[in-house]
Amino acid sequence: MREAKFYKTLGQEKVRCNLCPHLCIIEPGERGICGVRKNLDGHLKTENYGLVSAIHFDPVEKKPLYHFFPGKSILSFGSIGCNFTCGFCQNCDISQTTVDDYPWLNHYSIDQILNIAFSDDSSVGIAYTYNEPTIYFEFMFDIAREIEKARLRNVMISNGFITEEPLDELLPHIDAFNIDLKSFRNEFYKEQSGARLKPVKETLKKIRAAGKHLEITNLVIPTLNDQRDTFHEMLAWIRDELGEETILHLSRYFPAYQMTIPATPREVLNELYEIARSYLPFTYMGNINSDHGSDTFCPSCNNLLIERSGYSVRITGINENGDCSRCGMKVFKYYKK
Ligand code: SF4
Ligand code: SF4
């Protein structure tokens, strides 16, 4: 447990946490919405510092990141807690719990994590993932600076619900992001995740303005966020505000946690994929076997650049610089043979 960053003392030992847009006002002895930041005698503590729920090497494609060192692995770890309460959470055992209720956490020092990260030469760095990394900000930040010194890469897989100050502090140290854009309706964020859309849009714009690698995941849940008019609106916003080079993952939903709506029909995902590709050429389908929905084609000459099946990758049309081997178009800024 460590002293948390980004909080204000309010008197009568109350504190206000400024880490995420919930801005929780926390009474002594209580926790914020995320369940892992606790007011102890007027001091806000981060309870999950150094506590790891899972740590292992994954393919970068599993994050998902399709344009960031394709075919390489990355050390991925998570802790517990989340500032969202998504009824469809696939990691609810670690996201919707507290240190008191989850006895399977392991203590790791920063050196221990670095030693694991350096043990695999094919790994490109560390991904902060599984639960929401914003709410283990201090631990992530301390590791990220060491990873950076070792000239490895930091990746954050996040819901994007973070306030300006911590994001500004973090941005220089994170190379790539995959941000969930769960819906383009604020009501969805409010009803399904206990959050708001606007701060997520602000985060996306800031990441883009900082020139960081950005991929977006949109989990398609039938009847809840697959309305075509809203979908078009979201795609137009991504294209116009973030650029048409933005990578979009349309992920197939399956029932999980409290959500019993049947899985996304294949034909719905196929239809949305075709719509999305007319706005964003680098759109992919995830959580589904499809003929070409996970492959990368050159937007200039349509050369097949990367063929993907599950998490396995076959690089077919890229030269050693990450450019299309047929027409020379620069497609992959982050590429290592
Ligand atoms: S990080 Fe946690 S405690 Fe802080 S404002 Fe967000 S939900 Fe509340
Ligand atoms: S933001 Fe992600 S980890 Fe958090 S509750 Fe939602 S789906 Fe789960």
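1. The shell around ligand 1 in this predicted model is made up of nine nonpolar, three polar and one charged residues. Ligand 1 has 13 residues around it, and those that come nearest are Cys17, Cys20, Leu23, Cys24 and Cys34. The ligand sits in the largest cavity.

2. Now the charged pairs. Side chains of opposite charge can pair when their charged atoms come close. The structure holds 21 salt bridges. A few are picked out below.

3. Lys14 and Glu27 form a salt bridge, at 3.8 Å from N to O. This pair links distant parts of the chain, 13 residues apart. Lys14 belongs to strand S3, while Glu27 is in the loop between strands S4 and S5. Lys14 is partly exposed, because its relative accessibility is 25%. Glu27 is also partly exposed, at 39%.

4. Asp142 and Arg145 meet in a salt bridge of 3.7 Å, N to O. Both residues lie in helix H3 (residues 137–149). They are three residues apart, so about one helical turn separates them. Arg145 counts as partly exposed, with 37% relative accessibility.

5. Which residue forms a salt bridge with Asp229? The partner is Arg185, with the closest N and O atoms 3.8 Å apart. Arg185 lies in the loop between strand S13 and helix H5, and Asp229 in helix H7, so the pair ties together parts 44 residues apart in sequence. Arg185 is partly exposed at 29%, whereas Asp229 is exposed at 54%.

6. One group goes beyond a pair. Arg31, Glu47 and Asp100 are linked in a network of salt bridges.

Technical notes
Residues numbered from 1 in each chain as written. Chains lettered and ligands numbered in written order. Predicted model: local features only at pLDDT ≥ 70, side-chain atom pairs only at ≥ 80, totals over all residues. Heavy atoms only, no water. Near = heavy atom within 4 Å. 1 Å grid on protein atoms, 1.4 Å probe; cavity = no way out; pocket = protein on both sides within 12 Å on 5 of 7 lines; lining within 4 Å. Sits in = over half its atoms within 2 Å of the grid points. Nonpolar A, V, L, I, M, F, W, Y, C, P; charged D, E, K, R; others polar. Salt bridge = Lys/Arg side-chain N within 4 Å of Asp/Glu carboxyl O. Helix = DSSP H or I, 4+ residues; strand = E, 2+ residues; numbered from the N terminus. Buried < 20%, exposed > 50% of the residue type's maximum accessible area, 1.4 Å probe, protein only.
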